[in-house]
Amino acid sequence: MFTLAEVASLNDIQPTYRILKPWWDVFMDYLAVVMLMVAIFAGTMQLTKDQVVCLPVLQSTVNSKAQAGTSGKADVTTVETTTGQAEAASMKTVSSGSAPTVTPDVPLSRATSSQYQPTESGQALKKEQKDSSGRKTNLDFQQYVFINQMCYHLALPWYSKYFPYLALIHTIILIVSSNFWFKYPKTCSKIEHFVSILGKCFESPWTTKALSETACEDSEENKQRLTGAQSLPKHVSTSSDEGSPSASTPMITKTGFKFSAEKPVIEVPSVTILDKKDGEQAKALFEKVRKFRAHVEDSDLIYKLYVVQTVIKTVKFIFILCYTANFVNAISFEHICNPKVEHLIGYTQFECTHNMAYMLKKLLISYISLICVYGFICLYTLFWLFRIPLKEYSFEKVREESSFSDIPDVKNDFAFLLHMVDQYDQLYSKRFGVFLSEVSENKLREISLNHEWTFEKLRQHVSRNAQDKQELHLFMLSGVPDAVFDLTDLDVLKLELIPEAKIPAKISQMTNLQELHLCHCPAKVEQTAFSFLRDHLRCLHVKFTDVGEIPAWVYLLKNLRELYLIGNLNSENNKMIGLESLRELRHLKILNVKSNLTKIPSNITDVAPHLTKLVIHNDGTKLVVLNSLKKMMNVAELELQNCELERIPHAIFSLSNLQELDLKSNSIRTIEEIISFQHLKRLTCLKLWHNKIVNIPSSITHVKNLESLYLSNNKLESLPAAVFSLQKLRCLDVSYNSIAVIPVEIGLLQNLQHFHITGNKVDILPKQLFKCVKLRTLSLGQNCITSIPEKVGQLLQLTHLELKGNCLDRLPATLGQCRLLRKSGLVVEDHLFDTLPSEVKEVLNQDTSIPFANGI
């Protein structure tokens, strides 16, 4: 036999699962335990005390078989009954197991033999009972034991013998059915994960903090206290509801969440500061909840399994109740036994008494009562399961009671588990809902961020850029720390890969801020912050993957001077960018677009009248349509780089105010159209570098106002004399071509200050080159030059001389006459520098101290 502890283990579940046990499951578990105890108690009683006691039915004449066949009652009428005391003594003797004193041929009467006696007069019956002294049977003790055993199996109904075991089996089935969903692997894993996450969410300090702040915000007294505390120091938001954005203004919109930056939220330091470890655990919980929700909402297996096991319990209850009620009356004391052992015993009929009948009947009635209660609870459970849609769960009540208006509704198994938790305690769902709110997660990130990035730490990251401006670069943070806006002397702010960047009203105290970089950072701004940026921001850099990431408020910065857009602006997205016109950027002067355009977006022409510089850097995509350039009459600088242009676009010749043209990294082979540049009277700089130009047409002489000409990285083999007729030319760059000879006409360029011919095939330097006495930079590296003329000393303004990569064996001593040339500006091999006289080297080495002195 098994113990109660072994059976109870079937009903054992982890203590943490109790939050998924509604009151009816708990009640049914207790009922199952009581039914189990009833079954085990009945079984134990049967094993120890269950038996029947049988006595033979005596006849008046032992050999009168014929009369017995005629009428059973006639046989019984001749039997002389014994007194009740004799029968009791006999039964005591049998049951005690001691050897009785049996006298043959003396029949033993029964206490209940009166029902077999014929009807007699009352006087005769009294007389017989008074005079009779009983008749003993001829059976010995072993025969009584034998008859008792035989009649136990023949006369006793099967239900009296097996009721405890049936009750035990039924109870075990009910116990298993109640907890199968906790044991089944596919549901057990989800339940275990859910309970684990739920417990951590309930105990998380962030949950307590978020709910306490909600209650604090709901208190009118607290609001007044916080409003009056706006003079608090750093890390305090100063945003307000004044000037809240309209529906058409692309600002941060109100979501109903009271952590929103539009509300004057004053964070008390003792409440705001969250332990770093607790903050990291809360962040991990947000991620776990997000992944668990995505996993569990895909199916409704847990819900279906719970419904099935409830239906099974209900069917089981109906089955037990139906067949058990029919057998209640089958359990009784008296049973007639007719064993076919007359040749052994000498008697044909026995009357037996079942000594456990009374107890079993009471236990059976108790079991039926418990089953009825169990069944009614099962029916209630089914009613609850189908009364409301349990595969949908709304946090509407939580949203109403708290500030987390963005908590989403859930479905399927996730919803069912939350419904079950509500039956335990609705506070669990409320605290769990905190970790379903994106606003709550953003607030946690904000608090953790502000705790980590203090004012002192941010100050250490401020640096000086090339323009000698104070610059702060923040990279891959969860948000923008509040302390950033306390750096009032900051000039440049760079935000990169910060998807949840928000710019509060505190930015208005950064009076020096004029340049902002948003790299993959669709920042949101408050109304007050937007007003400040609209009036003060001068330069904005936006880097994006898709044009939809460009913040809408960018197109409303009316005082913006420079706009740099870097990202994907293909033909499909051009329609999107066209939705947000640049027409409002009335003061925009510089527009730099680095993208993959096939045509210049039409909305750029909206700012054409006041645009002075347009830069388009393509990624190799061919720029086909350029007609809109004609509208940009005020453009002074135009760059069309890497646009796969094969010729100089004709639309450029209409830009009468053009001063600088850069067509770098295209596929231009011929520049015959250069003659048309004579109409561009203001054109001073022409950059045709990194193309495939083979020769320079003589018509270049008509572009008389050119001051800078860049033709490096082409396929030029010679320089025509027409180039040297450009008397205003100050910079000529023909590096990295195939030029072998420097024409003597170069001496005509009296205003030439920078000459670059590095990476060609020049072997001789003409003396006329050194008539260009205004030369400051002379790059002759990577050629085939064998000697440097002594006349190099005539270049008194020379500050940079590159000779590295030639075939020189010495340097002229006249380099010492170049008063402005220093060793740092002399790019040459070390062994050649050593060939100079010591006094020359001493002059050139003065650069180690002179720049330092100048710097001071």
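Which residues does the UniProt annotation "transmembrane region" cover? According to that unreviewed entry, they are residues 27-47, 162-182 and 364-386; such annotations may be inferred rather than shown by experiment. The structure is a predicted model, in which local features need pLDDT of at least 70 and side-chain atom pairs count only at pLDDT 80 or more. Residues are numbered from 1 along each chain, and side-chain values use heavy atoms, without hydrogens and water.

Select residues 162-182 first. This span is 100% helix, helices being DSSP runs (H or I) of at least four residues. Its end C-alpha atoms are 31 Å apart. Then select residues 364-386, also 100% helix, with end C-alpha atoms 33 Å apart.

Next, display the disulfides, defined as pairs of cysteine sulfur atoms within 2.5 Å. The whole structure holds 2. One joins Cys54 to Cys352, S to S 1.9 Å. The pair lies 298 residues apart, Cys54 in strand β1 and Cys352 in strand β3 (strands are DSSP E runs of at least two residues). The other disulfide joins Cys151 to Cys337, S to S 2.1 Å. Cys151 belongs to helix α7 and Cys337 to strand β2. Both Cys151 and Cys337 are buried, meaning under 20% relative accessible area with a 1.4 Å probe, protein chains only.

Finally, select Lys190 in helix α9 (residues 185-203). Among the residues in contact with Lys190 are Phe292 and His295, where contact means heavy atoms within 4.5 Å.

Definitions and conventions
Buried < 20%, exposed > 50% of the residue type's maximum accessible area, 1.4 Å probe, protein only. Lists of a residue's contacts leave out its neighbours within four places in sequence.
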